[in-house]
Amino acid sequence: MSSVIRSAGMRGFRDVVEQLGGDAEALAAQFRVPLDALDGDDVLVSDVAMAKLLEGAARALPCPDLGLRISEYQDIGILGPLAIAVQNSPTVGAALGCASQFLFLHSPVLRFTIVADPEGRAGDVGLCYGSSEGPPPRQATDAILAFSHRMIRFLVDGHYALHSVHLSHLPKAPASRYTEFFGAEVRFGQSASLLRVPRSLLDRPLAGVDETLREIALDYLHSHFPEPGRVVAPQVRTAIDRMLGTSPPRIDSAARLLGMHARTLQRRLAAEGTSFESLLDDARRDAALRLLTRTDLPLQQIAGLVGLSEQSALTRCVRRWCGTTPSVVRAGGTGA
């Protein structure tokens with residue numbers, strides 16, 4: 001069954017096609033993609049139709065690296081209001097988590113997850129792109145993974161120690177084109193499409209973030225776009241964020257804020273594949289890393305602000321999250 005996707009993913013299609021001497025509107029009509037999707041970000045388009053358009057245009061022009069070329073016209077702004085929350089997140093990991101959480105705004109079938117390194121290296125992870133309806137076609141995969149690569153570079157303002165790129169398809173364009181674009185080794189015909197990066201990248205603080213802007217953007221996204229099948233978890237996370245530093249973060253307190261019994265909340269979270277403890281740990285992690293890297297507050301005070309009873313508890317948590325001590329994180333060091 002076909003799903004839909006925001007036309008923001010088409011940004012750059014008209015420019016690339018016309019530069020190559022093609023007719024973007026004729027191609028769109030051929031594959032039944034609305035013409036206004038070529039020039040606007042918020043038109044809902046069948047994901048099957050969009051994928052067929054990209055594949056058909058790549059063959060007709062011919063332009064086997066069409067997906068890579070289109071991505072060069074796209075910046076973080078195609079995420080709409082989500083872009084504000086993403087770029088004002090405290091760390092790269094928090095930014096990617098935020099983008100993943102609200103990816104359903106662009107397509108309900110797209111998935112972007114952090115997975116174990118396919119090469120088995122404990123210090124690395126994979127940033128994996130896929131679809132709940134099977135492997136996406138070649139050009140769509142290229143475009144979205146390329147956009148993800150460019151987004152991370154934007155967030156960290158430069159290179160981010162990309163080890164290698166895995167693509168599930170075999171290339172039509174020369175392999176050197178991919179290597180040049182990503183600036184790293186590219187392996188084709190793999191089991192999943194992903195970017196292999198150091199695990200420590202997830203803990204890297206982002207510069208120039210505005211926590212107030214992030215909270216405003218998240219409140220807007222939570223209130224206007226409840227995620228299908230995950231309605232409760234984002235609300236609980238928001239409740240936890242508000243409780244940290246002001247009152248003990250307990251499930252019964254969150255349940256009261258949401259107008260339900262604590263046991264009901266537990267069942268709802270379990271049905272969504274998470275738990276109050278997991279959401280609390282994520283919130284503590286984000287808050288602790290932000291306070292460690294952006295303030296000079298004493299460690300004992302930071303422990304209290306993230307709902308931990310003593311400094312030693314904070315030290316244990318930071319070791320688990322980052323593989324190092326709070327002092328090293330504060331000094332700008334990285335974990336394992």
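**Figure 1. Residue classes in the lining of the second largest pocket of a predicted model.** The lining comprises 22 nonpolar, eight polar and four charged residues; Ala, Val, Leu, Ile, Met, Phe, Trp, Tyr, Cys and Pro count as nonpolar, Asp, Glu, Lys and Arg as charged, and the others, Gly among them, as polar. The volume of this pocket is about 670 Å³. Ile5, Ser107, Leu110, Tyr129 and Ile144 are the closest to its centre of the 34 residues that line it. Two or more lining residues come from each of strand 1 (4–6), helix 3 (47–60), helix 6 (92–101), strand 3 (110–116), strand 4 (124–131) and helix 7 (138–156). A pocket is an open set of points on a 1 Å grid over the protein atoms alone where a 1.4 Å probe fits, with protein on both sides within 12 Å along at least five of seven lines, and lining residues have an atom within 4 Å of a point. Grid points are joined across faces, edges and corners, and the volume is the space filled by probe spheres set on them. Helices (H or I, at least four residues) and strands (E, at least two) are DSSP runs numbered from the N terminus. Residues are numbered from 1 along each chain as its sequence is written, and side-chain values use heavy atoms, without hydrogens and water. Because the model is predicted, local features need pLDDT of at least 70 and side-chain atom pairs count only at pLDDT 80 or more, whereas totals for chains, interfaces and linings use all residues.

**Figure 2. Surroundings of Gln74.** Gln74 is placed in the loop between helix 4 (66–71) and helix 5 (82–87). Gln74 counts as buried because its relative accessibility is 4% (buried, under 20% relative accessible area; exposed, over 50%; partly exposed, in between; 1.4 Å probe, protein chains only). A polar atom of the Gln74 side chain lies 3.0 Å from the backbone oxygen of Arg11. Beyond its neighbours within four places in sequence, Gln74 is in contact (heavy atoms within 4.5 Å) with Ala8, Gly9, Met10, Arg11, Phe147 and Arg150.

**Figure 3. The largest nonpolar core and the contacts of Leu195.** This core has 74 residues, and those with the most contacts inside it are Phe13, Leu66, Val86, Leu127, Phe182 and Leu195. Helix 7 supplies the largest share, eight residues. A nonpolar core is a set of buried Ala, Val, Leu, Ile, Met, Phe, Trp, Tyr and Cys residues joined through side-chain atoms within 4.5 Å. Apart from this core lies another, of 34 residues, among them Met243, Leu269, Val306 and Ala313. Leaving aside neighbours within four places in sequence, the contacts of Leu195 include Val125, Leu127, Leu145, Ile152 and Phe182.

**Figure 4. Backbone geometry at Pro62, Asp157 and Ala161.** Leu61 and Pro62 are joined by a cis peptide bond with omega of about -20 degrees; Pro62 lies in the loop between helix 3 and helix 4. Asp157, although not a glycine, has a positive phi of about 60 degrees, and it lies in the loop between helix 7 and strand 5 (164–166). At 71% relative accessibility, Asp157 counts as exposed. Ala161 likewise lies in the loop between helix 7 and strand 5, and its phi is positive, near 60 degrees. Ala161 counts as partly exposed, at 46% relative accessibility.

**Figure 5. Ala233 in helix 10 (residues 232–243).** At 2% relative accessibility, Ala233 counts as buried. Not counting residues up to four places away in sequence, Ala233 touches Leu269, Glu272, Thr274 and Leu279.

Terms used:
Polar contact = N/O pair within 3.5 Å; in protein donor to acceptor, adjacent residues only side chain to side chain.
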